[in-house]
Number of protein chains: 2
Amino acid sequence: MEKKGRARQAGSGSLMESLGGSDREGHSGTQSSHRLLAYSDALISIIATVMLSPSQVLRESVQLLLSTKICVYLMTFLIVTVAWAAHIRLFQVIVRIDDCLALLNLACMMLITFLPYTFSLMATFPENILGILLFCGCVMVIGVIQSVIVLYAFSQPFLLSEQIQMSENRTFYKHHILKVIMRVPLMCFLASIVSFVVFQLSYVLLAIIIFLPYISRCVEWCHKKVMGPVEESPDSVLFYTYLPNEPLSKERVEAFSDGVYAIVATLLILDICEDNVPDVAVVQQRFGGSLVAALQDYGPEYLAYFGSFVTVGLLWFVHHSLFLHVTKATRFMSLLNTFSLAFVGGLPLAYQLTHEFPRNSQNELEAIQISCVIIFFAGIFQLAIWVVALYNEQETLHPYVRYGGREHVFMLAKLALYPCVALGTFFLTCILSKFSAPIFHLMEITVPFAFLVLRLLVRVGLALIRLIFCPDRPDLRSVVDDDESTVPFNALVT
Amino acid sequence: MEKKGRARQAGSGSLMESLGGSDREGHSGTQSSHRLLAYSDALISIIATVMLSPSQVLRESVQLLLSTKICVYLMTFLIVTVAWAAHIRLFQVIVRIDDCLALLNLACMMLITFLPYTFSLMATFPENILGILLFCGCVMVIGVIQSVIVLYAFSQPFLLSEQIQMSENRTFYKHHILKVIMRVPLMCFLASIVSFVVFQLSYVLLAIIIFLPYISRCVEWCHKKVMGPVEESPDSVLFYTYLPNEPLSKERVEAFSDGVYAIVATLLILDICEDNVPDVAVVQQRFGGSLVAALQDYGPEYLAYFGSFVTVGLLWFVHHSLFLHVTKATRFMSLLNTFSLAFVGGLPLAYQLTHEFPRNSQNELEAIQISCVIIFFAGIFQLAIWVVALYNEQETLHPYVRYGGREHVFMLAKLALYPCVALGTFFLTCILSKFSAPIFHLMEITVPFAFLVLRLLVRVGLALIRLIFCPDRPDLRSVVDDDESTVPFNALVT
């Protein structure tokens, strides 16, 4: 859809060409890249998330958890999303694929899925350079494959986006893209050489790689301040810049998020299927053959499963509502989305912890509070995406949710619900620490209903505010939306 | 895309209406259902597949494996795909959603993800009726939720597909759909009552549920033979029939398949991340602190990982190529696709088994042969999809891959490659059982290269055949494709 939209944008000059392009799809060597990208998104999102699967965590103190495993998880999540962003940028330039590109992309994916293992090695043996070498090796091979993809695509221009296909300085683009792609592998090469001398330094270099876009942006900015603006190709700013408002394919941001939410929602049930089917012998001995009694033992874990599924599902729901109204995703919004997803990935673990410990213990309280903190941050980063979008609302938002738009307040309420509830629950559990578990479970149960009647609540709230503060002022909304009458009445109720 | 295509098909009469429909999307209460469906597909595909995750299997004899776990896996896979097909049908009727439908759908998904656990209970305690009751309870609640979804959607007709929206006998449709949906919950209600009396009988009833569409089709056919044809609403045959050529959304079949392939491709690496990072103490004691030596111990498992990823990736690649040329997916094709995916789901387990046993043991040979059998069937069912599509090629296939089309032979070669190679490897390992492991690994390594040069191989093969059998006959292909010249030369090479 994305691609077709862009083909349409390419406009009058390239109409014949773009028609030819879409006619070619579906047969012969060239194909639409839509499904390849969807599959890549699914692979990458699974890999980014599952490093924190509950079954992997030793059941010890909460404090101990906050060390290695979570570090590895966050590092993996960051580096995998960096690789994913690079993949998006690459396939925004290459909009059609053929068999050869599909196979090269699969090879690239295989190496990306291997990255988490190298992180595990690094975390377990921080002083051994093997992990670093393996990681750098993978990244370098990925870089080489991506360069081959770029060279191949530029040798067959009909695979490229219309904009570049039409452009006169195609060679300039090729060199620019290659330069950007090869930056990371070169840094890794440096890191692997340095690791033989001072291995600590190579960790610093690897950290730099993750923040490379932002660093390079700063350097560029300083360079510009000192040397004055440099001449640039007029439309080179549209891709492979590291500007925070560089557009990223909205469809792919959604697909990646869906993958993360889906795997997170199912992580706990996998764990339950594995661990919570009691042993036949145990049921005979301990429960006198009564399966119901044996399963009652696991009661809290089912509750944790439903709680986790509901929370993840509703966070997905909020994300879905938000991106329905976003018309363009930028780099910065995608970064905030990544942060939100990283917290979502921690939910199954946090939920499982809530029932691992004896009732009313300090550990249980901590686990519940950690859950609240995670929900809070997952929600607040979603809200941040919207706030960032509002700053540039003409370009990035649908008119209906812009400031003053008909859905503006409703959207705000939707996005603010989880952070507010999580914050409230957190402080309540601080005060009433004895009842922390019931409070937390009550919160889980009431939130879905809150979403169901949210539109009603917002209307009532708005009416009350209007009644109190400005009883004589005409209805604000009627100024904004003049087509209220065309919307069926039923749509307004829920 | 699917939806928009259909809106366009609805044609002149409903042009205004469909324009209104797509204008309404993206704001107000109504939304495009595209992302909701993608998320549901991801959830269902993960749930269908992971019951056979390698880490769940006790490391014992191959024969033992072939019992409970695999039964549970296959039952889960079947029932989850039945639920998924019902979900597709439902959302082919309801093409737009609002917040309320999205939340109801999430509740439905939560119950579907709980089904595998009830199967685990049934498999572990076959004589206890609790598993049956839990399963039936879930299915009944799912049925009720789906009925609520249908009633809600029919109360707000702008959510329905254009065809039904325009239709005069909307009430007839509503009753027809409700009748079809409630059939399964009613069967489950019966099964749960029967389970109190004769629990074996309720398993039979559950088996009937899975094959209900096919049984009901047979009954209908017999009824028609005996009673003569009954009068039907003219266009009622278009949905909620159980005809094998009832169309299913091609986009969703692809999304579901992508989900299965993605989770299967990553299952082994998750397992490796979990189990194959050696313990610090073990490395110190057994390997004198040499991490490289310790990792060499795991050598075969890395090989299994790469083998599994390559095979799954290439099977995805073949699937992708196939569905690129399929223009319409039918029920029967989707069923064959499900069978293919069920075998693909067994791959990670089979691959892990290949290195679990001592070299040249009977178990290793069996594991390798099982892998070959799994690959063979996964490939042969893909081929079967194409063969079925060829039977009705005017409707279901792109002209280029129809019999006599330019890509026909190439497609056949692509689809036949894996079955042929797997069969060859199987018989080779039977004869040269001593070298089974090297033969198998050699196969894994050569297949990707075979795909890279496949187009070349097919051309050479065709030229040879033409030279031998009919040296004087004019080029067959030039009759079929008259636009060969418009395709760039490069596209023909790979």
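In this predicted model, six residue pairs, both members at pLDDT 80 or more, are in polar contact between chain B and chain A. The side of chain B that touches chain A draws its largest share, 16 residues, from helix H15 of chain B, which spans residues 299-325. When that side of chain B is sorted by class, 58 of its residues are nonpolar, 25 are polar and twelve are charged. In terms of contacts, 95 residues of chain B meet 94 residues of chain A, and the area buried between the two chains is about 8,300 Å², with carbon and sulfur atoms giving 72% of that area. Of the area that chain B buries against chain A, 10% is supplied by B:Arg35, B:Tyr39 and B:Tyr117, which is more than any other three residues supply.

Salt bridges were considered next, both across the interface and within the chains. Over all chains of the structure, a search finds ten salt bridges, and two salt bridges are found across the interface of chain B and chain A. In one bridge, B:Asp99 is paired with A:Lys414, and the closest N and O atoms lie 2.7 Å apart. In another, the side chains of B:Lys414 and A:Asp99 meet with an N to O distance of 2.8 Å. This latter pair crosses between chains, running from helix H19 of chain B (residues 408-431), where B:Lys414 is placed, to helix H6 of chain A (residues 99-124), which holds A:Asp99. Both B:Lys414 and A:Asp99 are buried.

Within chain A, a salt bridge joins the side chains of A:Glu407 and A:Arg455, with 3.2 Å from N to O. This pair links distant parts of the chain, 48 residues apart, since A:Glu407 is in the loop between helix H18 (393-396) and H19 of chain A, whereas A:Arg455 is in helix H21 (residues 454-469) of chain A. A:Glu407 counts as buried because its relative accessibility is 5%, under the cut-off of 20%. A:Arg455 is likewise buried, with a relative accessible area of 5%.

Within chain B, B:Arg96 forms a salt bridge with B:Glu162, in which the closest N and O atoms are 3.3 Å apart. Here too the partners belong to distant parts of the chain, with B:Arg96 in strand E2 (residues 96-97) of chain B and B:Glu162 in helix H8 (residues 162-166) of chain B, at a separation of 66 residues. B:Arg96 and B:Glu162 are both buried.

The overall makeup of chain A gives the setting for individual positions. Chain A contains 23 helices and four strands, and 56% of its 494 residues count as buried. Among the contacts in chain A between residues at least 6 apart in sequence, 79% join residues that are at least 24 apart.

Two positions of chain A were examined individually. A:Thr429 is placed in helix H19 of chain A, which covers residues 408-431, and A:Thr429 is buried, with a relative accessible area of 0%. A polar atom of the side chain of A:Thr429 lies 2.6 Å from the backbone oxygen of A:Phe426. When residues up to four places away in sequence are not counted, A:Thr429 touches A:Leu365, A:Ile368, A:Gln369 and A:Ser436.

The other position, A:Val72, is found in helix H5 of chain A, which comprises residues 68-93. A:Val72 has a relative accessible area of 8% and is therefore buried. Although A:Val72 and A:Tyr117 are 45 residues apart along the chain, their C-alpha atoms are separated by 9.7 Å.

Conventions: Residues numbered from 1 in each chain as written. Chains lettered and ligands numbered in written order. Predicted model: local features only at pLDDT ≥ 70, side-chain atom pairs only at ≥ 80, totals over all residues. Heavy atoms only, no water. Contact = heavy atoms within 4.5 Å. Buried area = accessible area lost by both parts, 1.4 Å probe. Salt bridge = Lys/Arg side-chain N within 4 Å of Asp/Glu carboxyl O. Polar contact = N/O pair within 3.5 Å; in protein donor to acceptor, adjacent residues only side chain to side chain. Nonpolar A, V, L, I, M, F, W, Y, C, P; charged D, E, K, R; others polar. Buried < 20%, exposed > 50% of the residue type's maximum accessible area, 1.4 Å probe, protein only.
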